[in-house]
Each structure stands twice: as structure tokens, then as C-alpha cells.
Amino acid sequence: MANAASQLVLPPARPGRVIGLLGGSFDPPHMGHVHITREALKLFGLDAVWWLVSPGNPLKARGPAQLERRMAAAREIMQHPRVHISDAEAQIGARYTARTLAALQTARPDVHFVWLMGADNMVQFHLWQDWRQIMQTVPIGILARPGARLAARASVAARVYEHARVPLGKARMLGRMEAPAWCFANVPMMALSSTRLRASGAW
């Protein structure tokens, strides 16, 4: 792992920076992704956000569009000086978040990572491989999406790690906290989804 991690081509980040990681298939990327990224930068005091465009989602039976196509679409829609599009998961050969995080922390032990996800992912988080390891590895910033607020707060992961919940008033310090630590942020949301865009024929 250490040798492979040292060869990763990653976005730039100065030592000590707090980097948000937004993983997903981005199939396709849309303005909802852009919106939560901009909100995360502000709410959690992040220096930058890396979009980790995944080779595929293990929880979805159908594979996504070609990686290069999704990467290009992500770069086109997410134009912000502090947001970078990365194929790190493909370089690592990882389809699971726990392995991705281990490789990134090995490659960049001098920066602070925060895993970002929508509240809908929090609902099924306990189904992710090694989800407890993820909780113990990095702080997690959760952004509310339409219809998922109450379900996320009542999720298995939220109940198990209730003791590690960070109040919104301390959200900007999340990246410098020791895991487990997670913060749930209610933000004005855009009711967009990649599933709907694919179904509409827009992708």
C-alpha cells in the first residue's frame, strides 16, 4: 500500500491544509454536486475539496459511464479554484472508501482529510464495507439532501456514533478534530439527482 500510495498523482495541497473528499460515480455530475461542494467549503472551513470520481459503485448493479467522460463533465461543471477533480480511486484500484482513505492518508499524511457525503448516504452508511473503520479514520461532514434529513439522523451509523456528533456551531473545526467526529449540516438543497438526469435522457 505504501509504495502504491507514493506513486499517486493527486491534486496539490500544502501541508496542514484541510481537504474535503467528495466521492461518487458522478454519473453524471450536476449542479447539486456543485451546490453541496460550495456549501461544504463554507460550513466545514475547508481549504479545498477533491472530487473523487469512482470507477464504480459496489452498491449499484449497473456500471457508470466511461470514467474519462465523467471526469471531463465534472471539470466542465465544477469550476472553482479550490475544487479539484481526481481519479485517485482508479489509480489506487479501489472500489471501497475505506481502502481509498487508507491510500490517501499514506500518500499525504501531512494534510487533514474530511469525508463529505449527502444525508441519503448516511442512511445506508452501515451497509458500506468497513464503515466503522471509515468513521474511526477521518471526520465526516454530512450535508442534508431533500427528504433525507430525519432518516439520516435516525440511521444506524448516527445512533452508534451519537457520542461523536459535532454541533453545527463547531463545524468549521471539524477537519482538525480526531476521528470519530461527524457533523450534520442542514443546508438549502437542490432537488437534483444523477438518477433522474439519466432517466430523462440528459446524460
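## Trp 131 and Tyr 161

Trp 131 and Tyr 161 are both buried (under 20% relative accessible area with a 1.4 Å probe and protein chains only; exposed is over 50%, partly exposed in between). This is a predicted model, in which local features need pLDDT of at least 70 and side-chain atom pairs count only at pLDDT 80 or more, while totals for chains, interfaces and linings use all residues. Residues are numbered from 1 along each chain as its sequence is written, and side-chain values use heavy atoms, without hydrogens and water.

## Aromatic pairs

There are 5 aromatic pairs in the structure. Rings of Phe, Tyr and Trp (its six-membered ring) pair if their centres lie within 6.5 Å; planes under 30 degrees apart are stacked, over 60 edge-to-face, and the rest tilted. Trp 50 and Phe 113 make an edge-to-face pair, at 5.6 Å centre to centre with 65° between the planes. This pair joins strand β2 (residues 48-53), which holds Trp 50, to strand β4 (residues 112-118), which holds Phe 113, across 63 residues. Helices (H or I, at least four residues) and strands (E, at least two) are DSSP runs numbered from the N terminus. Trp 50 counts as buried because its relative accessibility is 0%; Phe 113 is buried at 4%.

The pair of Trp 131 and Tyr 161 is edge-to-face because the planes stand at 80°, with ring centres 6.0 Å apart. Trp 131 lies in helix α7 (residues 131-137) and Tyr 161 in the loop between α9 (156-160) and β6 (182-185), 30 residues apart. Phe 125, Trp 128, Trp 131 and Tyr 161 are linked by ring pairs into a cluster.

## Nonpolar cores

A nonpolar core is a set of buried Ala, Val, Leu, Ile, Met, Phe, Trp, Tyr and Cys residues joined through side-chain atoms within 4.5 Å. The largest has 36 residues, and Leu 21, Trp 115, Phe 125, Ile 140 and Trp 182 have the most contacts inside it. Helix α5 (residues 97-107) gives the most to this core, with 4 residues. A second, separate core of 28 residues includes Leu 41, Leu 46, Met 71 and Val 83.

Beyond its neighbours within four places in sequence, Phe 125 is in contact with Met 117, Trp 131, Ile 134, Met 135, Ile 140 and Ala 157 (contact: heavy atoms within 4.5 Å).

## Helix α3

In helix α3 (residues 67-77), the buried residues are Leu 67, Arg 70, Met 71, Ala 73 and Ala 74. They lie on the same side of α3 because they cover an arc of only 165° around the axis, taken from the directions from the helix axis to the C-beta atoms. Exposed Glu 68 and Glu 76 are on the face turned away from the buried side of α3. The cover over the buried residues of α3 includes β2, β3 (83-86) and α4 (88-92).
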